[in-house]
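I opened my notebook to record what I looked up in this structure, one entry at a time.

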Amino acid sequence: MGNAFLATVLVGLVPVLVAILVAMGLTRGLRGTIQYLLEAADRISRGDLEQPVELDSQDELGQLARAIERMRVGLQEGLERVRRRR
């Protein structure tokens, strides 16, 4: 009975451990992407409109990156129009 219990516990733990490792890897990737977008938004808020926001992703974070890039370009174009009028 002891060996059967141990085998059952081990068989149950292996998938759980694999799932934890996969989740940790995915979380690390998401954290890096979110940090990149936060830094880009912070640069834009400080008036640095020169550096493009580039993120090659088709998920929601990619959509957010493209929206931030459109915002950056729009702000840059608006500032250029204001400068030309002066």
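I began with D42, which at 40% relative accessibility counts as partly exposed (buried means under 20% relative accessible area, exposed over 50%, and partly exposed in between, with a 1.4 Å probe and protein chains only). I noted that this is a predicted model, in which local features need pLDDT of at least 70 and side-chain atom pairs count only at pLDDT 80 or more, while totals for chains, interfaces and linings use all residues. Residues are numbered from 1 along each chain as its sequence is written, and side-chain values use heavy atoms, with hydrogens and water left out.

Next I looked up the partner of D42, and found that R46 forms a salt bridge with D42, with the closest N and O atoms 2.5 Å apart (a salt bridge is a side-chain nitrogen of Lys or Arg within 4 Å of a carboxyl oxygen of Asp or Glu). R46 itself counts as exposed, at 59% relative accessibility.

How many salt bridges are there by this rule? The count comes to two, and in the other one I found R72 and E69 meeting at 2.7 Å, N to O. Both R72 and E69 are buried, and because they sit three residues apart in helix α2 (residues 60-85), about one helical turn separates them. For helices I used DSSP runs (H or I, at least four residues), numbered from the N terminus.

Last, I looked up M24, which lies in helix α1 (residues 2-45) and is partly exposed, with a relative accessible area of 46%.

Key: Helices (H or I, at least four residues) and strands (E, at least two) are DSSP runs, numbered from the N terminus.
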